[in-house]
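This briefing gathers selected local features of one protein model, grouped by topic. Please consult the sequence and the structure alongside the text.

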Amino acid sequence: MSNTNTKDNLTVYVIMGVTGDLAYKKVIPSLWHLYTHNHLPEKYKIVGFARRSLGEDLFKKLIKDSITDHNNGLIDEDEFDSFFDHFLYQSGDFGDLESFKLLQAKINSLHANTSDCINKVFYLATPPNVYGSIFKNLAEAGLNTTCEDKKSWTRILIEKPFGSDLQSSKELEKLLSQYFTEDQIYRIDHYLFKEIIQGIENFRFSNNLFENTWDNTTIEKIEIKLFEKIGVENRGSFYDSVGTLRDVGQNHLLAMLAAVVSESPASGDTDSFQNRREDVLALLPKWTDDLVQKNTKRAQYVGYADIDGVNENSKTETYFSVQTTLTGSKWDGVTVYMQAGKMMNEVRKEIVITLKHPKVCLLCEEGEHKPNQIIFRFDPNDEIKIIFYSKKPGFKHLIEEREFTFFLYEKETKIQYVEEYSKVFFNVVEGDKSRFVSVKEVEFAWQFVDPVLSAWKQDKVILDSYQKNTPVYSQNLLKEKQKGEIAIIGLGKMGANLAKRLLDTNWKVIGFNRSPEATVQLKECGLDPAYSIEEVVQKMQPHRTIWIMTPYQATDDVIKSLIPLLNKGDTIIDGGNSNYKDTIRRNTVLQEHNINFIDVGVSGGPEGALNGACLMIGGEKSIYESYENLFADLSVSNGYKYVGSSGAGHFVKMVHNGIEYGMMQSIGEGFEVLKKSSFDLNVLDVAEIYNHGSVIESRLIGWLAQAYSKFTVNLDKEECCSGVVSHSGEGQWTVDTAKEMNIDVPIIEGSLEFRKQSQNNPSYTGQVVSALRHEFGRHDTSKKHENK
């Protein structure tokens with residue numbers, strides 16, 4: 001409701017449980033902060049309510065001690081005395097109606113003319129188990145009402161957690177709604193009031209740096225971390241009934257997720273902000289027991305069970321990690337990691353956005369180049385950090401990691417909670433609910449968390465342990481628990497990058513290459529090296545998965561060596577450019593040995609192998625389905641499909657390569673016409689404009705622009721680009737297959753014939769085609785081919 005007609009009223013803050021820990025640490029220091037910054041109403045009183053019988057001197061000492069313990073520097077005595085003049089104390093029992101009637105009388109007595117209206121704020125700094133009594137007695141004492149004609153308001157502040165699960169949260173809402181209307185209820189998650197949360201929103205919505213592509217086209221994953229050095233301290237009894245997932249995962253971490261994923265609010269009103277957060281929580285998928293077992297972890301620090309109030313056989317987690325994904329067209333495929341824990345070796349509260357590695361990456365092969373990251377840090381500093389790469393000064397084309405760091409603001413006070421709760425009390429008086437939690441937000445959050453808690457309660461996920469102050473759990477969940485085991489035979493450009501990608505997504509990868517140098521190099525990346533095919537098989541557990549990534553001429557020999565070493569139920573995946581007819585034949589042979597066989601056409605070149613490829617998959621569908629997690633990890637978002645029975649994957653890839661021949665040939669011919677025209681055209685400029693909104697905009701045109709930037713428009717550097725164009729088997733296979741099917745393919749056949757003739761007749765068209773092959777496939781297209 002609008003506060004326009006109520007600002008002249010006396011505003012009374014009632015702190016239920018004023019002698020407790022919440023009030024001491026959060027409420028009283030925050031009201032002092034508002035007082036010293038002139039943000040309290042012109043007319044106000046603060047009433048403390050608790051069971052203890054306190055005289056004015058003891059009450060004043062309590063208030064002063066709270067402020068002193070949570071204030072930077074000494075407080076001015078006169079200023080404090082003036083502040084305390086606004087305080088009153090009422091002792092009473094939360095379950096006693098008479099105590100609330102005395103509270104009502106005290107509040108009414110605060111105004112000289114009791115017919116005037118009074119605004120009331122009730123903050124419950126109490127255990128949730130007394131909420132019911134407080135709600136009921138406030139109502140029966142008439143403290144939940146307002147003046148007629150809406151000339152005043154009454155509002156109640158409720159702390160998280162809102163219940164202990166979905167069912168209890170609904171019961172809490174039902175109880176609340178008996179005595180208060182929704183516009184009176186203000187649910188607190190103080191993380192929504194953190195300055196950095198609003199900083200994230202402004203970083204996104206007030207700037208045009210990233211927001212236009214702030215989705216799954218550029219974002220690979222989101223990591224949310226909330227690590228604390230402190231333990232449970234003196235909250236053993238409370239914490240043992242809650243645990244870390246309920247304490248911070250169900251609320252704070254999801255609020256952080258909403259800040260980085262939500263759409264820009266349509267307006268500044270309450271519903272717009274809350275609806276946007278609700279939309280984010282609705283994107284979280286449903287858990288199954290299998291997913292909980294695979295993608296969650298829980299642990300308890302050593303010594304937790306010795307804390308007063310903690311059950312000696314407690315299974316309450318003090319650390320958890322969760323891996324999930326988002327749904328919806330804009331965020332589908334983006335992985336989310338959430339972690340939180342106490343007694344860690346450092347305080348680290350942050351959101352890390354990892355961007356996808358570029359498909360075409362100039363200079364990436366000449367220096368270590370990890371994906372860019374945007375870090376929103378809450379603690380130890382409020383800052384935004386962007387990790388990027390730039391060229392090292394000098395003559396060599398080497399890159400180095402750089403960072404841009406922006407400190408959001410200098411905190412006015414370093415005391416925990418004070419700034420956030422000052423805003424809580426400021427906004428509740430203003431009637432601004434945009435940063436308070438809605439009923440739907442609570443429901444969506446519990447729907448996400450409940451299945452995890454249920455599986456944990458049934459011990460479907462082992463409760464691990466960790467030492468205090470150790471960094472053992474400071475890495476992503478996937479770094480702790482490997483997804484599976486796979487061997488890759490053939491560690492050339494494609495095989496090596498597939499191995500790296502799987503290692504980055506936490507697969508155990510055993511690798512073998514005919515020349516051991518490649519195997520040794522990958523050992524530094526985490527590869528388990530093998531130096532013979534026999535050693536590959538010996539290192540693996542039963543139900544082996546072996547991916548062959550060799551030239552197609554060597555595939556039969558590799559399979560022949562594997563057959564006597566493998567067992568029933570083992571699986572061979574051929575990811576090389578094999579002829580589909582050979583694949584069908586090999587499948588028949590392997591079936592006789594009860595060995596599964598899958599054929600995968602892999603497109604995207606070495607960069608795709610490293611950063612996400614396109615996979616065309618053939619074989620028995622049930623076997624394909626059992627490997628979908630592998631294919632998902634190797635591919636770009638939505639970049640893998642089952643295309644049919646054995647041989648279909650390689651057949652589709654063969655035709656893909658035939659189409660690729662024709663497309664590259666047409667680009668080469670067109671750009672030779674452009675270059676030799678009388679207009680003196682800059683073909684780099686032409687490539688760039690073609691690739692911005694034209695009908696022929698494509699990755700191939702983008703790669704050509706990259707090649708022109710590297711090797712000049714003449715494409716005449718020694719390392720690239722030869723007018724002699726090599727050709728592999730798949731172009732010929734496509735033409736031969738089309739003839740067998742009585743289908744004319746003049747474009748594909750003509751492009752193949754051009755490559756054959758280029759061996760003796762190099763041309764600029766051939767240079768363009770070679771430039772494209774160099775950029776996407778890192779093929780050797782040096783000038784030496786023209787001198788043969």
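**Backbone, cavities and aromatic contacts**

Asn742 is exposed, with a relative accessible area of 72%. The model is a predicted one. Asn742 also has a positive phi of about 60 degrees although it is not a glycine, and the residue is found in the loop between α26 and α27 (746-757).

- Most residues other than glycine have a negative phi, and most peptide bonds are trans.
- Met343 is a residue other than glycine with a positive phi, near 60 degrees.
- Met343 is placed in the loop between β10 (335-341) and β11 (348-355), and counts as buried because its relative accessibility is 14%, under the 20% cut-off.
- Lys160 and Pro161 are joined by a cis peptide bond with omega of about 0 degrees; Pro161 is found in the loop between β5 (154-159) and α6 (166-179).
- A cis peptide bond also joins Cys720 and Cys721, here with omega of about 25 degrees.
- Cys721 has its place in the loop between α25 (699-711) and α26 (729-740).

**Helix α28**

- Helix α28 spans residues 764-777, which makes 14 residues.
- From first C-alpha to last, α28 reaches 19 Å, close to the 20 Å expected at 1.5 Å a residue.
- The helix is mostly covered, with 14 of its 14 residues buried.
- Arg778 follows α28 and has a positive phi, near 55 degrees.

- Rolling a probe the size of a water molecule over the atoms shows where empty space is left.
- Searching the whole structure gives 3 cavities of 30 Å³ or more.
- The largest cavity has a volume of about 140 Å³, and 14 residues line it.
- Asp189, Gln250, Asn251, Val437 and Glu441 are the lining residues nearest the centre of the largest cavity.
- Helices α9 (243-261), α10 (270-281) and α13 (439-457) each contribute at least two residues to the lining of the largest cavity, and the largest share, 5 residues, comes from α9.
- The lining of the largest cavity comprises 9 nonpolar, 2 polar and 3 charged residues.
- The second largest cavity holds about 90 Å³ of space and is lined by 13 residues.
- Nearest the centre of the second largest cavity lie Glu201, Ser262, Phe273, Arg276 and Arg277.
- Helices α7 (195-205), α9 and α10 each supply at least two residues of the lining of the second largest cavity.
- By class, the second largest cavity is lined by 8 nonpolar, 1 polar and 4 charged residues.

**Aromatic rings and charges over rings**

- The whole structure contains 35 aromatic pairs.
- In one of them, the rings of Trp32 and Phe83 have centres 5.3 Å apart and planes at 70 degrees, so the pair is edge-to-face, the cut-off for this class being over 60 degrees.
- Trp32 lies in helix α1 (residues 21-36) and Phe83 in helix α3 (residues 77-84), so the pair ties together parts that are 51 residues apart in sequence.
- Trp32 counts as buried at 5% relative accessibility, and Phe83 counts as buried at 0%.
- One aromatic cluster is formed by Trp32, Tyr35, Phe59, Phe80, Phe83, Phe84, Phe87 and Tyr89.
- The charged end of Lys26 sits over the ring of Tyr417, 4.6 Å from the ring centre.
- Lys194 lies over the face of Tyr191, at 4.8 Å from the centre of the ring.

Technical notes:
Residues are numbered from 1 along each chain as its sequence is written. This is a predicted model: local features need pLDDT of at least 70, side-chain atom pairs count only at pLDDT 80 or more; totals for chains, interfaces and linings use all residues. Side-chain values use heavy atoms; hydrogens and water are left out. Helices (H or I, at least four residues) and strands (E, at least two) are DSSP runs, numbered from the N terminus. The expected span of a helix is 1.5 Å times one less than its number of residues. Buried means under 20% relative accessible area, exposed over 50%, partly exposed in between (1.4 Å probe, protein chains only). On a 1 Å grid over the protein atoms alone, a cavity is a set of points where a 1.4 Å probe fits but cannot get out, and a pocket is an open set with protein on both sides within 12 Å along at least five of seven lines; lining residues have an atom within 4 Å of a point. Grid points are joined across faces, edges and corners, and a volume is the space filled by probe spheres set on the points. Ala, Val, Leu, Ile, Met, Phe, Trp, Tyr, Cys and Pro count as nonpolar, Asp, Glu, Lys and Arg as charged, and the others, Gly among them, as polar. Rings of Phe, Tyr and Trp (its six-membered ring) pair if their centres lie within 6.5 Å; planes under 30 degrees apart count as stacked, over 60 as edge-to-face and the rest as tilted. A charge sits over a ring if NZ of Lys or CZ of Arg is within 6 Å of the ring centre and within 35 degrees of the ring normal.
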